[in-house]
Amino acid sequence: MASYIRFDWAMKRLLRDKANFAVLEGLLTTLLDEKITIVRMLESESNQEEEYDKYNRVDMLAENSRGELILVEVQNNNEYAYFQRMLFGTSKLVTEYIKRGEGYENVRKVYSINIVYFSLGSGTDYVYHGTTEFRGIHNGELLRLSPFQMEKFKADEVKDLFPEYYILRVNDFNRLATTPLEEWLYYLNTGNISESTSAPGLEEARQRLILDRMSKDELKAYYRHLDNIVILKDNINTEREEGRAEGRAEGRAEAVRMMKQSGMTNEQIATILKLDPEFVKRIQ
């Protein structure tokens with residue numbers, strides 16, 4: 001089986017090339033459930049790399065055939081305020097891509113596609129979709145566009161005018177791929193592409209993202225990137241385990257203090273909690 005370049009690296013080095021647009025178009029078509037054609041890649045301040053971002057974050061801004069903006073971001077590092085960063089990113093695009101003096105009807109639709117390699121939030125699914133709706137607080141009625149607005153904005157629902165968010169929690173995908181979207185998740189998670197895949201874009205990825213086509217210098221940089229990702233994941237896991245251990249220790253100490261306050265002896269506490277008697281003695 002051929003070895004393929006990780007998607008986050010391909011985003012940095014390969015997928016900005018028009019010859020490779022078909023790969024990203026395939027992912028977007030699969031995710032958004034409509035044919036997406038990228039007209040061009042755009043630049044914004046969010047595309048500027050900093051030293052820290054070289055392996056931590058990748059983002060790409062594209063424009064489709066309807067003039068809508070599509071922000072694709074890959075994030076390897078755990079970031080507790082990532083939801084707010086998603087909001088900031090879409091808000092910035094809305095203001096960056098409207099000219100001063102233009103009417104609000106020229107605000108452009110934004111899709112925010114977030115491919116994250118950590119457990120963002122708390123949930124059991126591996127793909128989430130967020131939209132904006134307005135409902136009556138008394139009757140729960142969904143606020144809709146007027147017929148004039150529908151014709152003017154070429155939209156069916158109010159939510160069609162607002163940014164939409166997609167979150168792909170890659171590390172949470174651990175099942176057999178049976179749909180085109182799951183085939184993409186499988187590639188994002190493992191770097192492997194099934195020989196029988198029918199998902200849009202993955203056949204192009206199989207042709208264009210072959211590891212053996214990289215030069216020696218490119219391979220060196222790529223393997224350094226993989227090493228950094230391994231170190232990053234190890235740091236995240238270590239911090240998580242250390243946090244759990246500290247939490248357990250604090251919990252045991254608090255239990256000891258409460259049992260002491262209730263009048264129990266050190267020996268009784270040590271027996272009940274199955275702790276070292278010396279540890280119990282040290283807790284005041």
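Tutor: A residue is called exposed when its relative accessible area is over 50%, buried when that area is under 20%, and partly exposed in between. Keep in mind that we're looking at a predicted model.

Student: Okay, so why is lysine 154 called exposed?

Tutor: Its relative accessible area is 72%, and the cut-off for exposed is over 50%, so lysine 154 counts as exposed. You'll find lysine 154 in the loop between H5 and E6.

Student: What makes the phi of lysine 154 worth a look?

Tutor: The phi of lysine 154 is near 55 degrees, a positive value in a residue that isn't glycine. Most residues other than glycine have a negative phi.

Student: Which value does phi take at aspartate 33?

Tutor: Aspartate 33 has a positive phi too, near 60 degrees. It sits in the loop between helix H2 (21-32) and strand E1 (38-42).

Student: And how do you know whether aspartate 33 is buried or exposed?

Tutor: Set its relative accessibility of 69% against the over 50% cut-off, and aspartate 33 therefore counts as exposed.

Student: Why is phenylalanine 162 called partly exposed, then?

Tutor: Its relative accessible area is 31%. Buried would need under 20% and exposed over 50%, so phenylalanine 162 is partly exposed. This residue is in the loop between helix H5 (147-153) and strand E6 (164-169).

Student: What makes the nonpolar surface patch that includes Phe162?

Tutor: Phe134, Leu143, Phe153, Leu161 and Phe162 make it, and the patch covers about 400 Å². A patch residue needs over 30% relative accessible area, and Phe162 has 31%.

Student: Let's go inside. What makes up the largest nonpolar core?

Tutor: That core has 46 residues, and those with the most contacts inside it are Phe7, Leu24, Ile113, Ile115, Trp184, Tyr187 and Leu188. Helix H2 gives the most to this core, with seven residues. Apart from it there's another core of nine residues, including Val256, Ile269, Phe279 and Val280.

Student: Which residues does isoleucine 115 contact, leaving aside its neighbours within four places in sequence?

Tutor: Isoleucine 115 is in contact with Phe7, Leu27, Val72, Glu73, Val74, Gln75, Leu168, Val170 and Leu188.

Student: How much of the protein chain is buried?

Tutor: Buried residues make up 40% of the 284 residues. The chain has 10 helices and six strands, and it exposes about 16,900 Å², with carbon and sulfur atoms supplying 50% of that.

How values were computed: Residues numbered from 1 in each chain as written. Predicted model: local features only at pLDDT ≥ 70, side-chain atom pairs only at ≥ 80, totals over all residues. Heavy atoms only, no water. Patch = residues over 30% accessible without salt bridge, like charges linked within 9 Å, V, L, I, M, F, W, Y side chains within 5 Å. Areas by Shrake-Rupley, 256 points an atom, 1.4 Å probe, with all protein chains shown as cover. Salt bridge = Lys/Arg side-chain N within 4 Å of Asp/Glu carboxyl O. Helix = DSSP H or I, 4+ residues; strand = E, 2+ residues; numbered from the N terminus. Buried < 20%, exposed > 50% of the residue type's maximum accessible area, 1.4 Å probe, protein only. Core = buried A, V, L, I, M, F, W, Y, C linked by side-chain atoms within 4.5 Å. Contact = heavy atoms within 4.5 Å.
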